[in-house]
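User: I am new to this structure. Could you walk me through a few of its features?

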Amino acid sequence: MNPPVPSLTDTTLVADLNARLRDVPDFPKPGIVFKDITPVLADPRLFGRVINAMSAPFRGQHVTKVVGVEARGFLLGAPIALALNAGFVPARKPGKLPHRSVVERYSLEYGSDGVEMHEDAILQGERVLVVDDVLATGGTAEATARLVSRLGGELVGFSFLLSLDFLEGPNRLGRERVTTLLTF
């Protein structure tokens, strides 16, 4: 039997997450405070509560595929897919997938990057949820959503463990489509 599904405003869950997240100053470069989720993943009870809370808003929305964005999105996306009785699709950096794939490029502050999926990962009309650990500027998530659309999927929404709202990612993706457990 699954534990009760917490709401996104579950103050106990928020407090527990804040207590377990680890701030790592100057990573990956000076001036950045990295939010390390590995202590959350190491606590099986808290990890389960996170998966339940991140999947809760999408229950009953007939999600057929969950796309996890490389790399921590894999850690959250796969169990969310199981919780929603959906398939899981990895969205990877270019050149990492073994089968024929489709890539979507996006701009970074200095240069560009891309995200790719197998060309047959999403079928026409499938309802897709995009999952990642952190929403920052929203560039990677936006590119992933474009790729979902190119493959014929219907984007249901985005689920993130935390959002750095000062970087405007929710505005870029459409706040009404974004769910997050923590906001900084």
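This is a predicted model: local features need pLDDT of at least 70, side-chain atom pairs count only at pLDDT 80 or more; totals for chains, interfaces and linings use all residues.

Analyst: Residues are numbered from 1 along each chain as its sequence is written, and side-chain values use heavy atoms, with hydrogens and water left out.

User: What should helix α5 span, and how far apart are its end C-alpha atoms?

Analyst: Helix α5 has 12 residues, 139-150, and should span 16 Å at 1.5 Å a residue; its end C-alpha atoms lie 17 Å apart, which agrees. The expected span is 1.5 Å times one less than the number of residues. Helices are DSSP runs of H or I with at least four residues, numbered from the N terminus.

User: Which residues in α5 are buried?

Analyst: They are G139, A141, A143, T144, A145, L147 and V148. Buried means under 20% relative accessible area, exposed over 50%, and partly exposed in between, with a 1.4 Å probe and protein chains only.

User: What follows α5?

Analyst: G152 follows α5, and its phi is positive, near 100°.

User: Changing topic, how many aromatic pairs are there?

Analyst: The count is 3, where rings of Phe, Tyr and Trp (its six-membered ring) pair if their centres lie within 6.5 Å; planes under 30 degrees apart are stacked, over 60 edge-to-face, and the rest tilted. The rings of F27 and F34 have centres 5.2 Å apart and planes at 85°, so this pair is edge-to-face.

User: Is F27 buried or partly exposed?

Analyst: F27 is partly exposed, at 43% relative accessible area.

Conventions. Helices (H or I, at least four residues) and strands (E, at least two) are DSSP runs, numbered from the N terminus.
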